[in-house]
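Here is a short report on one structure.

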Amino acid sequence: MIGTMRWARVAIVALATAACRQELPAGRPFVALPSVNTPPSALTYAGIRTGQFGHQPHAIPRRPAAPTLAAVVVAVPSPIVATATAGVASLAAAPRVEPEARFTAGAHLDPRNLRVLTVVVPPELTRDSVSFTIEPIGEAVILGPLQGRLGPGEQRTLVLTASVPAAAHAGAQTVAAVHFAGSQGGTVQVPVQLQVLQVQTATIRLVQPRFSARPGDRIAMRYFVTNGGNVTDTFDLVVTPPAAWSLHGTPMRYVLGAGETATGEVIGVVPSASSTGVIPVRFSVSGARGPLARIDAIVEVLDAGAHASAVGPTLQAGVASVLGGGSPASPVVGLEVSGPLTDGLQIRGRLVQATESAQLDQRALARVGYFVGAPYLTLAGRRWQATGGTTGRSFSDITGVNVYGRGASFEWDGARWGAAALAARPIAGSTGSSTGQLLGAQVSAHVSGGSVTAMATDLQDPQFAGRKLEALGLGGITPPFSGVTVSGEIAERRYATGSGMGWSAELKRQTLTEFGQLRVVHAPGGSQAFARARDELTAVGSRQFGRRLALSAGYWNSNDESQTFSRLNSSGWSVAPRFAVTDRTTVELEARHSAFDAAGSSGDFGNDETLVRLGVSTQRGPSYASASATIGSSGRNARLPGGLPIETSAGRQSARLVAGLVTARGVLEASASIERNGAGIGFLPHQYLLALKADRFALGSSPAAPLLNAEIQRYGWFGDRPDVMVIRAGVQSQLPGDLTLTLDIEHNPLITGTSGGSWVPVVKVERALHVPLAMLQPRAAGVVFQDLNGNGVRDRGEPPLVGVVVRRGDQRVLTDRSGRFLFPGQSDGPVRVDETSLPFGLVSNPAVRAVPARGRIEIGVLPTGVVEVVLVPSADSAGRVPQVSLRDVIVSAVDSAGSRWTAKADSAGHATFHALPPGRYHLEFDFNGLREPVRLRGAAPTFELTPGRSEAPIAVPLYPRPLRLFDPANPNRRGARGGVQQGTGGGRP
Amino acid sequence: MTTSLHTRPTLAGLILLAVTAACATPTGTGNPGGVDLRGQWTYTATQTSVPTASLSGTLAISTQSGNAFGGVLDVIEMDAQGQSHHLNGLVSGQLVDTAAVDFDAFFDVTGRRHLGVVRGDSIHGTWVEQDVGGTSSGAFAGRRTSR
């Protein structure tokens, strides 16, 4: 440290952790020390500050971004040479300031900072020693002693440090008045003014941050927006809905005074077709300069079946009939069952049976979700599954893929072992018979993260050119490295025309940003022996480069032979880079090639095609759009037995546009495509397609409103053939008695036969029946009710709560219209209400009671009350009143069990507990955020809250805490410095 | 078969090649024939590739101009699990000579190519369809029921 230091009077100095050394030349023009940019919450009353230099009208050589510190109040007779050292700051010589200028010019103050100011002793008092008294005005805080004396001299300057609360109003403010009194009489009052800068901040909070709902439910999300700035401002609240949600009550615009809070409610409607899971709903507040605050409400969408009464399997019974198209109306009956039979046993099955199979209009029935045939019934435990009826499985690429028939199958997957078996007959198609057999079994052993599997199959299907395979195989899979798996298999294969050793190998790597797979299969006999082909090579990969670029590529090649084809080779590749221009807009370029070469009984023929497609897709809120253009070439060849080869090739171009809107009522989409193809390559030369589609579009705002599925398509061939208009419309509506009616009608000139060109209506009526098997099983049943008197028992007149989520371990159900819930099976897990699913103002009673007499669990939910605590700055015995904003005081209400609720005081000292459960509380305070220490007197305030009642505001007087000063000339007196009381953690008075 | 793209050209080369090919003209045509294919045909087929299926329905040839013909194929497909699906689409093809037809049925954007032999009012042959999901193939047969 260099220089001469002369301290006239130092009230408080501060130490900083970072070294800061600077020397200020004497006589250099100087007005004020650097202000300090530090949020109020980080400030301490002792004046220790870290941060950056703030606005300063006069340049002072210094390190501009170094941590700094500030002296608080120093009265400095000039001349003074000041230096700053690690931990100590002082002042330089002050210029002369005209009294009439007082102190306003250039003195801007960010309300979150401190400002060091100088006030020149008025010239009329120059020859006297003067005493001064600083009188803080308004909410300003003048740090340090407010009185003192200066000796005679020409250039005497009083330096003071002022701060205003973060919420101080913007604009010119008189923060203090300095009264100078000369020793020979005469007084002069100098006002100290500051220009408080505008601060724009806002906060948003939700009354309830988490919600639970089912598809179709409405959620009321209440919020509070607070102007945290220091001037009246305009704020826009925007709530971003998840796809297909509808929101009411947003956007909103609020004009709020400084510190003012507005509240509102946003109603969100979960789409009926919503998937389950956790969905965030974002609340954003923005001002003129951009976003200021945001928060997410978390909505957990539960399965619509997660209902107390849904426990047990559901049986869906229905009947459908095609009413037109020239066919007699022959009803088709459908039965579908799914759900738990017991705690660990699930059932699912389906049967769609025609009363007259000869008169079926399969297409029309498919429009109402009925596919005749393939009945099955499956029972599934936690580790096993058995199916009767239509069933099947894929054993492996070389021991039989896609083996399906009518019979039985079984799977079991234990911790160490696994097994599977199939015994079935092929299903007779329209061109075959149901002779043959499909038999197979496999056993697996799980070893060191991998597994070893042995398989044996005996498969014979006389249909489809007589497929046959007897195979005995052994395979394994192992993960040698993290994210990498290696698998392989060998099998002896015997098929209709020979035998051979089949094998397969696969290397796969998968991480968060990349995927790669290389697979090679050799299966003698090919598709004639229950394989996809005789030889296959597949290589696919994708990788994400950074946040925006992704690349995927693939190659495949297969060779096969069968009774139908003596040769069938096919191959292809694709490369597709995709670039995310923004989070919602993607551009993709794809190049792909495919080809086949076949030799059959009617001759040899093949195709090849190379296309390049450029596409862009974007999404804006509930709307989406995509456009693509494709260009390329296609070729084909043919050689008839004894004939000459014929080859043609030509270009192809196409374009497609799609635009859609996802609303809470459903999805609307329009699309257009046009295609131009050269002659001789099999495609129609010119064609276009225009389409409009509504997908599960609700015809009303009610969750039970009918749903519309409709589509209009217009095909055109530019005069080559007549245009075709395909129209389809279907409505699904709920009827009384839990019946569901589906009506669908289609006009499709492309359909041949009796129904072609006519309107073909089809009707289906269904009813879902819940089979109450769960009532016969061990279970945990109960009711959730509003415990109005807080006694934990449901008394007469205490209403049930509907739609509350009740959890037991991993299980969760919703209460029904009577507030009832039911968990199937026995469990020792505790039953509890999910608090986040409760309406605002209700909390669960911690005492969950099982009432033996009634055989059920009663969960009382208590109405909460509002408690307001008012902090009142009060005068101490010396008449001092705390001059401090109480905005940052944290008030805690602690109940008799030690549970703590907190609320933050506003600038007026009001702290509100909006939903406090009934109970007896005492209050605790955290004054850490205050710039001036305050204290309570006497015992902690207590109060008792009864259910559903709100308390009168509780006034808590706050008194100033005496200051003890630290003298830097005697730094060993650390106790003095520590005597400056800062708000202590917990704030217990 | 005109599969000339077995190398790994650059993307720019691909685009250039595609543009060039797109502007190319057909290099061959079928043999004109005097066979009239118009009328209703029964259509039965098997899909011998995995997943196997059987198909039956109607092939309606409504237009024929020279060697080119068009119509609609309307079939019920029953898969190996016994489930039925209705498929229908436009047909576009040509007579290759007096005894063979080469046509595509567009159940989807990709055509299902058929190469068959016609003998009087009966037809039989093989078919292949290739799309991004793989290659399916099988045999088909038909008989004319009305003209």
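Arg636(A) and Asp102(B) meet through their side chains in a salt bridge, 3.4 Å from N to O. The term needs a side-chain nitrogen of Lys or Arg within 4 Å of a carboxyl oxygen of Asp or Glu. Between chain B and chain A the count is 2 salt bridges. Strand β4 (residues 84-97) of chain B gives the most to the side of chain B that touches chain A, with 9 residues.

This is a predicted model: local features need pLDDT of at least 70, side-chain atom pairs count only at pLDDT 80 or more, and totals for chains, interfaces and linings use all residues. Residues are numbered from 1 along each chain as its sequence is written, chains are lettered from A and ligands numbered from 1 in the order in which they are written, and side-chain values use heavy atoms, leaving out hydrogens and water.

The contact (heavy atoms within 4.5 Å) draws on both chains.

| Chain | Residues in the contact |
|---|---|
| Chain A | 75 residues |
| Chain B | 70 residues |

About 6000 Å² is buried between chain B and chain A, and carbon and sulfur atoms give 63% of that area. Buried area is the accessible area (1.4 Å probe) that two parts lose on being put together, summed over both.

Now the sheet. In chain A, 3 strands form an open sheet in the order β51-β50-β53, with antiparallel pairing. Strands are DSSP runs (E, at least two residues), numbered from the N terminus; two of them pair if DSSP finds at least two bridges between them. β51 (811-814) and β53 (831-833) of chain A are the edge strands, each with a single partner, so one side of each has no neighbour in the sheet. Strand β50 (residues 805-808) of chain A is joined to β53(A) by 3 bridges. Val806(A) has Val833(A) as its bridge partner in β53(A).

Definitions and conventions. Helix = DSSP H or I, 4+ residues; strand = E, 2+ residues; numbered from the N terminus.
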